[in-house]
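Dear colleague,

I am passing on to you the structure we spoke about, with the sequence beside it. Please have a look at both before reading the notes that follow.

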Amino acid sequence: MLACKMKPLPFNLCNPKKRPAIINRSYALLHFIAATSLIFYRVSSLLHSRPSLPHLLMFASELILSLLWLLNQAYLWRPVSRKTFPERLLQEKGEELPGIDVFICTADPKKEPPLEVMNTVLSAMALDYPIGKLSVYVSDDGGSSSTLHAIREAWKFGRSWLPFCTRFGIKTRCPKAYFSRYEDDLGEKGYHEEKEKIKQQYKWLEEHVKKAGSSGGMLGETCSLNSINHPAHIEVIQDESHDTNQAKMPLLVYVSREKSPSSPHHFKAGALNVLLRVSSMISNSPYILVLDCDMRCNDPTSALQAMCFHLDPRISSNLAFVQFPQKFHNLSTMDIYDGQLRSVFLVKWPGMDGLQGPMLSGTGFYMKRKALYGDIVQEDTDPIQLKQYLGPSNELVKSLHRSNHHNSVNNMDSPSRLLEETRNLASCTYEKETQWGKQVGFLYNSVVEDYLTGFILHCKGWNSLFCDPPRPAFLGTATTKLNDTLLQGARWNCGVLQVALSRFSPLIYGLSRMSLLQTMCYAHLSLQPLYSLPMWCLATIPQLCLLNAIPLYPKVSDSWFMIYSYIFIMSQLKHLEEVLSTGDPMWTWWNEERIWMMKSVTSYSIGSLNAVLKFFGLREANFVPTNKVADDEQVTFYQKGIFNFQASTIVLAPLVTLVSLNMISFAGGLARIIVKGSNWNEMFGQIFLSFFILMVHFPIVEGMMFRKDKGRIPPSVTLFSLALSTCFLCLGSLILMP
């Protein structure tokens with residue numbers, strides 16, 4: 001009788017998306033032919049006539065758009081989807097699951113309320129993972145006593161919350177989300193009574209945290225000091241009573257690194273590197289989960305899902321991180337600001353997953369600790385060499401080859417010495433003359449540490465994976481105000497362009513270290529701010545020439561006009577196809593078109609300017625946390641799908657100026673054609689372009705002329721923008737005069 005040994009079932013599956021790949025590649029081929037024909041037409045036209053400045057600017061804009069389009073096609077070449085089987089993992093590796101350290105970062109208690117941060121902390125502590133192998137670290141860059149008080153109170157509440165979630169199999173383990181939504185009757189004895197009891201405890205937590213937040217200051221100091229000047233403070237949160245009857249809890253550690261105006265702190269990357277060093281001393285788990293303070297754990301099984309990849313022997317050896325998508329709990333039906341970032345997390349990242357893996361996205365990723373240390377972590381590495389990389393701490397060097405998860409302070413021979421060592425590791429001078437932020441940990445060359453760190457990991461041969469389960473693993477808070485959306489985009493685009501202008505420019509540094517398609521993906525994102533240049537040209541030059549009867553496009557009767565028509569129409573249809581294929585309604589296409597144009601004019605332009613100024617040393621790098629607090633009026637506008645134009649002038653003025661310019665040009669150009677009998681055949685392309693821009697930006701027209709509420713565009717900004725657009729058209733007409 002033949003014995004048959006069954007092959008173990010896989011922990012995960014990867015499924016290529018064949019139909020989207022065929023559509024994407026077919027579209028790319030046809031669009032490439034059309035774009036090449038357009039460039040040929042422009043070159044031949046410039047060679048056969050004296051080139052004017054408007055024609056040269058339009059040609060340059062079309063070249064930039066063509067280049068960025070070409071780089072963008074790499075995202076669409078080989079999309080895949082993945083599925084995990086946590087139950088198989090538990091059956092085979094249940095007793096061998098590795099430890100996980102959760103890093104949660106907060107910086108400003110006013111913009112990031114401590115109660116919201118504690119909800120994230122509690123949801124992370126309640127992950128469906130062995131408690132003895134889970135540790136949670138909270139980085140408080142603001143050094144706020146209210147945040148420290150909140151984390152102590154959250155620990156006490158967690159003593160009841162975690163057992164409640166485990167006993168009744170609660171899926172929504174963020175207390176605020178759980179108590180604010182309808183929960184089905186679980187049908188278990190004692191459920192309702194226990195729920196009411198826990199709910200009262202949560203209300204008590206809310207009251208105490210809010211009360212402390214209204215009067216809190218800096219740690220050990222008066223309220224007059226600010227968040228850039230405070231000493232290091234490390235505290236392991238625990239009960240004083242040591243009651244053995246209490247439920248077991250994950251390790252919870254509060255970390256406030258030292259900050260001084262005289263020492264660079266490197267923003268979020270610096271905070272993460274401090275957590276990396278401090279956690280090495282205390283728990284030293286082989287994997288870390290990084291979360292923004294508002295990105296709560298929505299699926300308690302996310303850790304097991306990530307381990308389905310990290311513990312798969314087929315892929316684990318060179319897998320650096322598993323990235324989950326950023327999803328948000330407060331999105332409106334219309335999502336007028338594209339808060340869901342649909343294109344990134346439903347199209348681009350699944351496309352990169354078919355290559356070398358998605359980019360690091362700042363939050364919601366499970367990282368292998370070893371990947372952040374690189375090749376220096378070897379058994380035979382000289383300790384002296386390690387100190388040159390990691391700094392003077394002997395204990396930190398020893399931790400590289402030690403796994404002592406959940407080695408809590410109470411179990412150590414000298415807990416006071418350990419805490420003293422962690423304070424040294426969290427000092428603002430520890431990283432001097434080391435490789436932290438250069439070759440070790442999260443990298444410092446950009447304000448978007450996630451992009452650069454992920455890029456270098458991929459260049460070193462590491463891979464990543466994208467996991468998008470049916471139930472969102474994490475839920476954050478999307479911006480609900482135009483001003484916050486555009487300024488957040490400006491910071492992101494400044495950071496990626498910083499990388500493009502550095503020695504790590506993807507097209508130079510990455511081309512010899514990664515595949516061509518992976519390099520194209522990174523290059524597209526780093527050069528994305530360049531969209532601002534063609535957008536400014538397309539929104540001004542054709543309109544100026546329209547008023548002066550100077551044609552920039554072929555006649556409608558000319559066969560070359562079909563090339564322009566094909567590129568425009570097919571680009572819109574392809575965008576619409578992507579929207580519909582990801583399950584979104586048709587209006588998402590229109591909203592994304594609008595917000596992309598707005599970002600191109602503002603976020604990309606401001607980000608580009610800041611990056612260039614920083615490149616020449618004319619501006620210091622800065623990082624302003626996104627405001628997580630939204631007032632009722634702001635939320636009401638957003639939920640109704642109405643733009644809130646209560647924004648800074650630097651954001652509003654460019655948008656209103658370009659819309660005003662297009663209104664004047666469209667009306668003037670149309671009047672010229674009707675009254676003076678100008679050639680409609682020659683000017684149709686420019687007439688249509690102005691009309692399209694006005695239709696896309698109709699909310700701005702509405703905010704300028706028709707709205708009377710608080711969210712309208714201020715009359716002062718409207719008048720200022722009208723004056724700017726009029727001056728541009730007058731001066732431009734003088735320059736174009738023969």
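A177 is found in helix α6, which covers residues 175-179, in what is a predicted model throughout. With a relative accessibility of 7%, A177 counts as buried, because the cut-off for that class is under 20%. Leaving aside residues up to four places away in sequence, A177 touches T172 and R296. A177 and H329 are 152 residues apart in sequence, and yet their C-alpha atoms are 9.3 Å apart in space.

The next point concerns an annotation. An unreviewed UniProt entry places the feature "binding site" at K111, E112 and D141. Although these positions are spread over 31 residues of sequence, they cluster in space, the largest C-alpha distance being 12.6 Å. K111 lies in the loop between β3 (100-106) and α4 (114-125), and the place of E112 is likewise in the loop between β3 and α4.

I then turned to strand β11, made up of residues 365-368, where both faces are covered. In a regular strand the side chains alternate between the two faces of the sheet. On one side of β11 are F365 and M367, on the other are Y366 and K368, and all of these are buried. Which strands pair with β11? Strand β7 (residues 287-292) runs antiparallel to β11 and is joined to it by four bridges, with I288 standing opposite M367. Strand β9 (residues 319-323) pairs with β11 as well, again in the antiparallel sense, over three bridges, and here V322 has Y366 as its bridge partner.

An α-helix has 3.6 residues a turn, so residues three or four places apart point the same way.

With best wishes

Conventions:
Residues numbered from 1 in each chain as written. Predicted model: local features only at pLDDT ≥ 70, side-chain atom pairs only at ≥ 80, totals over all residues. Heavy atoms only, no water. Buried < 20%, exposed > 50% of the residue type's maximum accessible area, 1.4 Å probe, protein only. Helix = DSSP H or I, 4+ residues; strand = E, 2+ residues; numbered from the N terminus. Pairing = 2+ DSSP bridges. UniProt positions renumbered as here; feature names shortened; annotations may be inferred. Contact = heavy atoms within 4.5 Å.
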